[in-house]
Amino acid sequence: MSVQPVKPALTESRSLHQLTRQDLAASVNLFQKGARSARLVLPALAVPGGLLGGALLTMVASYFRLPEAVQPASFLLGWAIALGGFWVWSRRQRALLAECQLECGSCHEPMLVVKRGQLTSRAEIAAATGRCPACGDALFEGTT
Ligand SMILES: [Zn+2]
């Protein structure tokens, strides 16, 4: 299944009053697919990878009795990779969220909300009830 036909529909009309439940489901789907893509998974892996790599390098430097400056340098390098990975991951996640975002036509509250790296079910609640979870207004034409 391709996600391409969804994108123009999302960018053409940002007001939920002209949208359908399928648009809401598609935006959730698009975000979840993007979150599992290498673009986000690789920088996320750099966090434990950097910390573990830095710790290993520190132990190796100690074992082989390398010059004293190698240990703090490898420790700092590990942290730099981990923090860099986190920074890239959070930037890309924010960009993905903005790309997939839909907002309520009445109160302009976003339908996709990420808390602690997890997508909350606001869009799913909206799709199920036909109403904005923030202001309670009807989201789709024909819902009163
Ligand atoms: Zn609303």
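Me: At what angle do helix α3 and α4 pack, and how far apart are their axes?

Reply: This is a predicted model, in which local features need pLDDT of at least 70, side-chain atom pairs count only at pLDDT 80 or more, and totals for chains, interfaces and linings use all residues. Residues are numbered from 1 along each chain as its sequence is written. Helices are DSSP runs (H or I, at least four residues), numbered from the N terminus. Axes are lines fitted to C-alpha atoms over the stretch in contact, with angles from 0 to 180 degrees between N-to-C directions. Here α3 (residues 38-63) and α4 pack at about 175 degrees, their axes 7 Å apart. α3 is therefore roughly antiparallel to α4 (the term applies to angles over 145 degrees).

Me: At what angle do α2 and α4 cross?

Reply: Their axes cross at roughly 160 degrees and come within 9 Å, so α2 and α4 are also roughly antiparallel to each other. Residues are in contact if their C-beta atoms, placed from the backbone, lie within 7 Å. α2 contributes Ser 27, Leu 30, Phe 31, Gly 34 and Ala 35 to this contact, and α4 contributes Leu 96, Leu 97 and Cys 100.

Me: Which residues does Leu 24 touch?

Reply: Leaving aside residues up to four places away in sequence, Leu 24 touches Leu 19, Leu 102, Met 111, Ala 123, Ala 126 and Ala 127.

Methods
Contact = placed C-beta atoms within 7 Å. Helix = DSSP H or I, 4+ residues; strand = E, 2+ residues; numbered from the N terminus. Parallel < 35°, antiparallel > 145°, perpendicular 65-115°, else oblique.
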